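This report describes selected residues and the nonpolar core of one protein model. The sequence and structure are shown first.

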Amino acid sequence: MDNPNDGGYQEYAMTNNYILSCLPNPVTDILEISFDGGITSSIDVSICNINGEELICKSFVDINNSPCIKLDLSYLPDGMYFCKLMSGFEESHVKKIIVKH
């Protein structure tokens, strides 16, 4: 989905209980992952390369008051990555995270 406000491409992933988005995309340094509904206490975030290798894995707890989490991707080389999010037993993928410096 194009977002005229940031000049980038935003891809949504939707599960039974929540919607996730990643901005900006392409990203140069800080990726903001926002979610709406369904996530109550914690979330695990993984960034994988196109070969499926996990490069970043972070857990965020007590996210009730934070509808957005931020990841520093500035040290990753230019390329395409995948963002995997896990909340409880629900897994969702936000694809095509592009890092471009």
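## Asn 25

The side chain of Asn 25 makes a polar contact with the backbone nitrogen of Ile 98 at 2.9 Å; such a contact is a pair of N or O atoms within 3.5 Å, in which, within protein, one must be able to donate a hydrogen and the other to accept it, and residues adjacent in sequence count only if both atoms are side-chain atoms. Asn 25 belongs to the loop that connects strand E4 (19–23) with strand E5 (30–36); strands are DSSP runs of at least two residues, numbered from the N terminus. With a relative accessible area of 3%, Asn 25 is buried (under 20%, 1.4 Å probe, protein chains only).

## Basis of the model

The model is predicted: local features need pLDDT of at least 70 and side-chain atom pairs pLDDT 80 or more, while totals for chains, interfaces and linings use all residues. Numbering starts from 1 along each chain as its sequence is written, and side-chain values use heavy atoms, without hydrogens and water.

## Tyr 81

Tyr 81 lies in strand E9 (residues 79–87) and is buried, at 5% relative accessible area. Its side chain reaches the backbone oxygen of Pro 77 at 2.7 Å.

Asn 49 is 32 residues from Tyr 81 along the chain, yet their C-alpha atoms are separated by 4.7 Å. Beyond neighbours within four places in sequence, Tyr 81 has contacts (heavy atoms within 4.5 Å) that include Ile 47, Leu 55 and Ile 97.

## Nonpolar core

The largest nonpolar core has 21 residues, of which Ile 33, Val 45, Ile 47, Leu 73, Cys 83 and Ile 97 touch the most other members. Such a core is a set of buried Ala, Val, Leu, Ile, Met, Phe, Trp, Tyr and Cys residues joined through side-chain atoms within 4.5 Å.

Note on methods:
Helix = DSSP H or I, 4+ residues; strand = E, 2+ residues; numbered from the N terminus. Buried < 20%, exposed > 50% of the residue type's maximum accessible area, 1.4 Å probe, protein only.
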